[in-house]
Amino acid sequence: MSGTIFTTTPDVELPIRLGESGQSALPATTVMAKFDNACAKFGDLPALRQKLSGEWKVWTWNEYRASADAFAKGLMTLGFQQHDAVNIIGFNAPAWFFANMGAIAAGGVAAGIYTTNLPEACHYVSDHSRAKVVVVEGAKQLAKYAGIAARLPNLKAIVMYGEPMPANVPVIKGVAVHHIDDFLKLGSDVPDKDLLARKEIQKPGHCCTLIYTSGTTGNPKAVMISHDNLCWTSATMLSTLQALGPNDSLISYLPLSHIAAQMLDLHCPMDSGSQVWFAQPDALRGSLGETLGEVRPAVFFGVPRVWEKIYEKMQQVAKSTKGLKKTIATWAKAKASSKNNSLQFNSGKSKPMMYFLARKILGAIHKKLGLDRCIACYTGAAPIERKVLDYFASIDLPILELFGQSECTGPHTVNTPTAWKIGTCGRPLPGTESKIDPDTGEICYRGRHIFMGYMYMDDKTKETIDSEGWLHSGDVAAFDDDNDPNIPAPSGFMSITGRIKELIITAGGENIPPVMIENEFKLAMPALSNCMVIGDKRKYLTICLCLLVDIDVDTGMPTEKLAGEALETSKKIGSAATTTKEAQTCAKWAKYFDDGMEVANNQTTSRAQRITKWTLLDTDFTEPTGELTPTLKLKRSVAADNHSKAIEDMY
């Protein structure tokens, strides 16, 4: 299916949604033209840095481009054609970038795959995208494809990076297995003019990237992103910040199969010339803090769980601080909180007296965190607790929430360093339009960031993009009255209040937004890590609670051992419990949950939203058990299935 608004096939050129003036009227271009421009501007300056054997290896922009071109030529020797697909599965590394940009240079499309995907999930993506080449990191990911390659009729080659080629390379009929170093030499005889011809036939309205949604239900959908989507959105996002340049640094650590990481790590740097430093593969298991200290990035994006982990560590540090040092720190935090509350958009207030001194005191904390040079700290992809936002504001590191989806190439609303409100997702990007459906409260929006369509999924595409180009987000939202005069109203600060598909409809017919209730429970009980409201087609609402627990370093799985705020709470309430099992049978913990439930219930807007019963689960929700997506969104149906007995016991 194709038309002037959307398409479901990757070989269609869609017209560009050019506006008449302002940001929406930016000239359309292609990713490779932007890459050319970056190399012309920044050629011999550092582009990429990766730590190898304890030393940071540097690739200049010209070297980065040469490797991407070499990868493209390698593809061409395999008969790779325009609109063919390359899949990439592995942790962030220069090779990931070379493969991604090489696929685009050769006229194809690139699709990342989450490293945690099991073989059958990998098979779905590679089969659905009709991948000609799959790029894998190391023997572990290679083994996944050795077992499924025979069922991938379009697959011609597998390319491995990150490790030396294993001694026993799997033999797969019809599929060559190359090491990245060899593959970059494979097309050395391909004339430059042949590669140039591939670039010259690319159009801004062509598809160049697939983002497979992590999917809270069913198989993932392939979000088709055009050259113009990527180029316009990266330029527009950067227009909301003060200028970044070649001396500024970013850290690449979030999954590159996700649009947020691709936008921040791959595409924005081509506009700004900023350097990308690759974190270690165990970044989210502990080494990110060390990398932050070394790199001291200018911009840092963290999903809520990243900020929560930093918050939890800082809480432990604060508890061990005593005497005069604690008094000074408390005073400085109070000044910073006052400043960040008073300087939110349109407050009309000024900085508190002696703030400059508090800033100096808190600067030491910023340096320890590696965020002393950060001009903007962002979060998105999932809800974040208000207590976390308030804490970082108190140490003078306000976290700027943004809202978006893969379907809008990343961001749609953003808080900026000059226009932000704690607890909102910011205002719409310049050059976009928004509206709220009067019947459902759903936010819909359109602009040059709206995706082309879901590949090979006509019905899903029609459900999401209407005939006028409005993207129906599925999220329930509200705007305040602080409209941006340069953007059509509503263009105030937006808050997400729920998700249409997540609305609980009780047996009495009441529509209940669970996220709002869950946020109140976590605010009332800091010991909680996660919670989930239950009540669809039920007579009353209940809730599953998860306490903060230790994570097993080897498996990445949560344990039953209480950690952080949960362990501290156990001591505060006089409980001897050190595990969730012990807390489940502890009267003091039961009182903690009863009291917390009462506090949270008092914040509800109607009796129908009150929780009647709670149950404490054995451990936290987790991605490996399928309860969380790779971006840590809750898969309610999976979590409900996994804990069905505990849920039924409440009824």
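Trainee: In this predicted model, where is Tyr-456 found?

Mentor: Tyr-456 sits in the loop between strand 19 (453–454) and helix 15 (458–464). Its phi is near 60°, a positive value in a residue other than glycine.

Trainee: What makes Tyr-456 count as partly exposed?

Mentor: Its relative accessibility is 30%. Buried would need a value under 20% and exposed one over 50%, so Tyr-456, at 30%, falls in between and is called partly exposed.

Trainee: Why is the contact between Glu-294 and Lys-51 called a salt bridge?

Mentor: The closest N and O atoms of Glu-294 and Lys-51 are 2.8 Å apart. The cut-off between a Lys or Arg side-chain nitrogen and an Asp or Glu carboxyl oxygen is 4 Å, so this pair qualifies. Glu-294 belongs to helix 10 (residues 288–295) and Lys-51 to strand 1 (residues 46–52), so the bridge ties together parts that are 243 residues apart in sequence. By this rule the count comes to 27 salt bridges.

Trainee: How do you know that Asp-192 and Lys-73 form a salt bridge?

Mentor: Set their distance against the cut-off again: the closest N and O atoms are 2.4 Å apart, and the limit is 4 Å. Asp-192 is in helix 7 (residues 192–200) and Lys-73 in helix 2 (residues 61–77), so this pair ties together parts that are 119 residues apart in sequence.

Trainee: Is Asp-192 buried or exposed, and what about Lys-73?

Mentor: Asp-192 has 58% relative accessibility, which is over 50%, so Asp-192 counts as exposed. Lys-73 has 12%, which is under 20%, so Lys-73 counts as buried.

Trainee: What separates Lys-591 and Asp-595 along helix 19 (residues 587–601)?

Mentor: They are 4 residues apart, about one turn of the helix. Lys-591 and Asp-595 form a salt bridge too, with the closest N and O atoms 2.7 Å apart. Lys-591 is exposed at 52%, while Asp-595, at 36%, is partly exposed.

Trainee: Which residues are linked in a network of salt bridges?

Mentor: Asp-36, Arg-65, Asp-69 and Lys-199 are linked in one.

Trainee: How many disulfides does the structure hold?

Mentor: The structure holds 0 disulfides. Take Cys-39: the nearest cysteine sulfur, that of Cys-231, is 14 Å away. For Cys-531, the nearest cysteine sulfur belongs to Cys-546, at 7.8 Å. Cys-39 is buried at 12%, and Cys-531 is buried at 4%.

Trainee: Why are strand 2 (55–60) and strand 10 (249–252) said to stand at the edges?

Mentor: Start with the order, which is 2-1-11-10 in an open sheet of 4 strands with mixed pairing. Strands 2 and 10 each have a single partner strand, so one side of each is left without a neighbour in the sheet. Neighbouring strands are turned by 25° against each other on average, direction ignored.

Trainee: How do you know that strand 1 and strand 2 pair?

Mentor: Pairing needs at least two bridges, and 6 bridges join strand 1 to strand 2, so they pair. These two strands run antiparallel. Within strand 2, Val-58 is the bridge partner of Arg-49. Helix 3 (residues 94–105) packs on the sheet, touching strand 1, strand 2, strand 10 and strand 11 (275–278). Helix 9 (residues 259–272) also packs on the sheet, where it touches strand 10 and strand 11.

Trainee: At what angle do helix 1 (residues 31–42) and helix 2 pack?

Mentor: They pack at about 145°, with their axes 9 Å apart. Among the residues making the contact are Phe-35 and Cys-39 of helix 1 and Trp-61 and Tyr-64 of helix 2. By class, this contact has 8 nonpolar, 1 polar and 2 charged residues.

Trainee: Which peptide bond is cis?

Mentor: The one joining Ala-489 and Pro-490, with omega about 0°. Pro-490 lies in the loop between strand 20 (471–479) and strand 21 (494–499).

Definitions and conventions
Residues numbered from 1 in each chain as written. Predicted model: local features only at pLDDT ≥ 70, side-chain atom pairs only at ≥ 80, totals over all residues. Heavy atoms only, no water. Buried < 20%, exposed > 50% of the residue type's maximum accessible area, 1.4 Å probe, protein only. Disulfide = S-S within 2.5 Å. Axes fitted to C-alpha atoms, helices over the stretch in contact; angles between N-to-C directions. Contact = heavy atoms within 4.5 Å. Nonpolar A, V, L, I, M, F, W, Y, C, P; charged D, E, K, R; others polar.
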